[in-house]
Amino acid sequence: MKARLALLGGAKAVTLPWPAYPVIGEEEVCAAVKAVMARQLSDCGRGGLVGQMEEDYAKRFGTKHAVGFSSGTSAIHAALFAAGVRPGTEVLAANHNWISGITAILHAGGTPVLCDVKRGAFHIDPAEIRRKAGPHAKAVVVTHMWGLPADMDPILAAARERGLAVVEDCSHAHGAVYKGRLVGTIGDVGCFSLQGSKAIVAGEGGVLVTNSRRLAQRALVPGHHPGRIGWALTLRETKPFAQAGGMWTYRIMPVCAAIASAQLKKLDALNAARQANFDRLSGRLRRSCPFIEWPKLPPNSRRGWYSTPAFFTLERRGVTRNKFVQAVRAEGAPIGGEGYTDWSRIPLLQDMRLFSQLFVPRHANGVEFRPVPPGSLPNNEWLRAHMLLFPIPAVESPALMDQVAEAVEKVAGNLAALARYEPKEAKK
Ligand SMILES: Cc1ncc(COP(=O)(O)O)c(C=O)c1O
């Protein structure tokens, strides 16, 4: 007899606890305590712990420069400023994104042009770059969503054709590799959030990597302290900012920098644990649930880690993706559906009365923010309707992965019951 779905009152398939996140060991604790005991609570320059963290990241990513930031969002803002974004310029970004990939453009004074993803992918469509980059376009933000490296070759080709700088947002993809190259080092500048849900964490923090001395210096202008920019800005175009830049206060706390350095040493081990968990889960579900399609990577590539996506391709009356997700969640496996909000539809980006309280809607040269009309990002809509998101623990957990697989298989084995199930109206 089939086990009854937890959604319908049966026992949950997942009984094991989910490992705590982030994974914190003695190294992070000691690093943080040492920083506090040394009174390194704020650093307006580039002293011990911040300088050390920047050297560690530059070495790990093989770039000439790394700069610490207070957040991933501030790093993206600074990268865009560095790339020449200013009022009256446009920046292309996929709507399928974290909202910071869009608002950071506005922080830099630029105007976002929201683009569709490539059909069946999670990243900006190069055809959209060609279609939507007008004469005022300066840059494109490429977000390596859900740890999957974006298909950079055609994106770079389209960006170069249109004269756009390429800012990679790698906040979901620390250590991901595209055709043999680490993401973040393929475009002009790479940005990483080190916030607490990311593959490696600082607490709050961010880091920017680049091989360009010019971009690294310009990236200090929006938010680093005169105690640093006073001596770090040496180029003819940056030196005039040496007394003060934008003063957004984007420096990282030394205690966070120390934690980030300790975490960076574990990146490969944490990513390997997640890869092993993913291989176990997806290997089993590939055999038992072929209606779940797992995205393919280009050759010589490796994913980074956040929740990892798949496509729900089951076509059966009465069993929607959302109902399927609800049933698997009821089994105790915290999978997700479409991911983030559809930013193109939120009031901030639709209602210009709201938008204009925070940002400039129209610039003197005629560049203006235009809300996206409904139905104009069809691949994004397809993606949102078909996505599944699987959280993958950063500690090797074969028994838990087996239970997650059992949860999915149990639901897949009870589709007739699920089709009959009518979700109750949410109680008011
Ligand atoms: C893809 C992506 N980019 C940028 C950010 C922004 O990072 P932060 O919260 O550190 O500003 C996040 C954070 O959730 C993110 O997921």
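Me: Which residue follows α6, and is its phi positive or negative?
Reply: Gly-163 follows α6, and its phi is positive, near 70°. Before we go on, this is a predicted model, where local features need pLDDT of at least 70, side-chain atom pairs count only at pLDDT 80 or more, and totals for chains, interfaces and linings use all residues. Residues are numbered from 1 along each chain as its sequence is written.

Me: Thanks! Which residues of α6 are buried?
Reply: In α6, which covers residues 152–161, they are Met-152, Ile-155, Leu-156, Ala-158 and Ala-159. Buried means that 20 or more other C-beta atoms lie within 10 Å of the residue's own, exposed means 12 or fewer, and partly exposed is in between, with C-beta atoms placed from the backbone.

Me: Why do they line one face of the helix?
Reply: Seen down the axis of α6, the buried residues fall within an arc of 165°, so they line one face. The arc is that of the directions from the helix axis to the C-beta atoms. As a general point, an α-helix has 3.6 residues a turn, so residues three or four places apart point the same way.

Me: And what's on the other side of α6?
Reply: Arg-160 and Glu-161 are there, and they are exposed.

Me: Let's zoom in on Ile-155. Why does it count as buried?
Reply: Ile-155 counts as buried because it has 23 C-beta neighbours inside 10 Å.

Me: What does Ile-155 touch?
Reply: Leaving out residues up to four places away in sequence, Ile-155 touches Ile-124, Pro-126, Ile-129, Val-142 and Ala-150. Contact here means C-beta atoms, placed from the backbone, within 7 Å. For the helix as a whole, the cover over the buried residues of α6 includes α5 (126–132), β4 (137–143), β5 (165–169) and β6 (177–178).

Me: New topic: what is the order of the seven strands in the open sheet?
Reply: The order is β1-β9-β8-β5-β4-β2-β3, with mixed pairing. Two strands pair if DSSP finds at least two bridges between them. β1 (65–69) and β3 (111–115) are at the edges with a single partner strand each, so one side of each has no neighbour in the sheet.

Me: How many bridges join β8 to β9?
Reply: Four bridges join β8 (residues 189–193) to β9 (residues 206–210), and the two strands run antiparallel. In β9, Gly-206 is the bridge partner of Ser-193.

Me: Which residues come nearest to the ligand?
Reply: Of the 13 residues around the ligand, Ser-71, Gly-72, Thr-73, Ser-171 and Ser-193 come nearest. A residue counts as near when its C-beta atom, placed from the backbone, lies within 6 Å.

Key:
Contact = placed C-beta atoms within 7 Å.
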